Amino acid sequence: MTYLNVDEIDSALVNLAAAYPTTSELISAPHPTHEDRLCRILKIGTARDGPRPGVLLLGGVHAREWVPPDAIVSLCADLLEASDMGTGLRYGNAYFGADDVRRVLETLDVIVFPCVNPDGRRFSQTRDSGWRKNRRPHPSGGACIGVDLNRNFDFLWDHSSKFAADSNVRTSANPCDNEVYRGPAPASEPETRNVVWLLDRNPALRWFVDVHSAVPVVLHSWGTDHNQSTSADQTFSNPLFDAVRGRPEDTAYGEFISADDLAAVTTAARCVSDAIAAVRGEVYGAEQAYSLYPTSGASDDYAYSRAFTDPMRAPLYGFTIECGRSFQPPWSEAENVIRDVSAGLLALLLHAVDHTAIGQVTVGQVTLDISDAR
């Protein structure tokens, strides 16, 4: 066996939905890609009687990172089969019982979007294995193609005005940047808008994980500056700090996160890291995303920021799992990484089940009985 191509990923989701109609639902994203591909999403869970706490899992945002889509498809198949058979799941030395699987499917809506960037993945698998971006054409037919989707979300997107000039924030306004071009506008890309659509469509989502490679590490918000929980005015929405945001080892600014939220995200990230370590001893660790480098327009920070910019939205915790140690390891090692990721994600799903207290959240004019993930 080898890595799934984009057609095989799509077929896998279609076939899983057909095989397990009572525990899964196939969803088509509304925005075709630049190469006119339709993106599919799978929603997993046993209840269909209203919103429940949700977890959104993304993969394949960066084209050259071949493992994450396969890992997410594999976890979907494992969960659905185990639920149907009434069995548990084992990944190396990490074991999850049948009751764990049942609780996940009965308590949560697990929404999986395994391949956000199918155009880029196809290009990476057939033409240029190092390709990272999507395949947005140059507006005037030039040679500079593609946008880094993980710099395209509407969160401090305009890094040149939102960060200190010496912050070394890792993004670019140059369309010819082969790695981190942010795009011509926030959410300019259909792939980005598909993720935003999912977030808008599912207001009961409480947890968000974007699976990437390859560091390895489990990251939590924020990715813009070091976290602090004492000065609530030091926040991404405050333009007074645009000139100082992102500087390393700087005490003039830190991104505000409440003490409760900081405890929630650090505990969850450690839970994922511990589960991965249980599989075969791989040490991922759990860190703030800023520990790698300052970023803007990233998916995990965008997901978490939404409740800050609109208090009508339920809190949504964002994470990134950087899996494995190379973008395209040999398949024998990719299978090991898939087991690591599957255990880590399943541990997060169980953490979401166990760390939610039923409450009410008003979204627009509708009051939802969902969980307050704390």
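How many disulfides does the count come to? The count comes to one disulfide, a disulfide being a pair of cysteine sulfur atoms within 2.5 Å.

## Basis of the model

The model is predicted: local features need pLDDT of at least 70, side-chain atom pairs count only at pLDDT 80 or more, and totals for chains, interfaces and linings use all residues. Residues are numbered from 1 along each chain as its sequence is written, and side-chain values use heavy atoms, with hydrogens and water left out.

## Cysteines

The disulfide joins Cys 144 to Cys 176, with an S to S distance of 1.8 Å. The link of Cys 144 and Cys 176 is right-handed, with 80° about the S-S bond. Cys 144 lies in the loop between α4 and α5 (159-162), and Cys 176 in the loop between α5 and α6 (190-201), so the pair ties together parts that are 32 residues apart in sequence. Helices here are DSSP runs of H or I with at least four residues, strands are runs of E with at least two, and both are numbered from the N terminus. Cys 176 is partly exposed, with a relative accessible area of 45%; buried means under 20% relative accessible area, exposed over 50%, and partly exposed in between, for a 1.4 Å probe and protein chains only.

Cys 76 is buried, with a relative accessible area of 1%, and Cys 323 is buried with a relative accessible area of 1%.

## Helix α1

Helix α1 comprises residues 6-19, 14 residues in total. From its first C-alpha to its last, α1 reaches 20 Å, close to the 20 Å expected at 1.5 Å a residue; the expected span is 1.5 Å times one less than the number of residues. At the start of α1, a side-chain oxygen of Asn 5 reaches to within 3.0 Å of the backbone nitrogen of Asp 7.

The buried residues of α1 are Val 6, Ile 9, Ala 12, Leu 13, Leu 16 and Ala 17. They cover an arc of only 125° around the axis, which puts them on the same side of α1; the arc is that of the directions from the helix axis to the C-beta atoms. An α-helix has 3.6 residues a turn, so residues three or four places apart point the same way. The buried residues of α1 pack against β1 (24-28), β2 (40-44), α2 (67-85) and α4 (118-126). On the face turned away from the buried side, α1 carries the exposed residues Asp 7, Ala 18 and Ala 19.

## Salt bridges

The structure holds 24 salt bridges, each being a side-chain nitrogen of Lys or Arg within 4 Å of a carboxyl oxygen of Asp or Glu. One of these pairs Arg 52 with Asp 109, the closest N and O atoms being 3.0 Å apart. This pair links distant parts of the chain, 57 residues apart: Arg 52 is in the loop between β2 and β3 (54-59), and Asp 109 is in strand β6 (residues 109-113). Arg 52 counts as buried at 9% relative accessibility, and Asp 109 is buried with a relative accessible area of 7%.

Arg 245 forms a salt bridge with Glu 255, the closest N and O atoms being 3.8 Å apart. Arg 245 lies in the loop between β9 (227-228) and β10 (255-256), and Glu 255 lies in strand β10, 10 residues away. Arg 245 is buried, with a relative accessible area of 0%, and Glu 255 is buried with a relative accessible area of 0%. In helix α3 (residues 98-107), Arg 103 and Asp 99 lie four residues apart, about one turn of the helix. Arg 103 and Asp 99 form a salt bridge, with their closest N and O atoms 3.8 Å apart. Asp 99 is partly exposed, with a relative accessible area of 41%. Asp 99, Asp 100, Arg 102, Arg 103, Glu 106 and Asp 354 are linked in a network of salt bridges.

## Surroundings of Gln 288

Gln 288 lies in strand β11 (residues 286-288) and is buried, with a relative accessible area of 16%. The side chain of Gln 288 reaches the backbone oxygen of Asp 225 at 2.5 Å. This is a polar contact, meaning a pair of N or O atoms within 3.5 Å; within protein, one must be able to donate a hydrogen and the other to accept it, and residues adjacent in sequence count only if both atoms are side-chain atoms. Gln 288 touches Leu 219, His 220, Ser 221, Trp 222, Asp 225, His 226 and Asn 227, not counting residues up to four places away in sequence; contact means heavy atoms within 4.5 Å.
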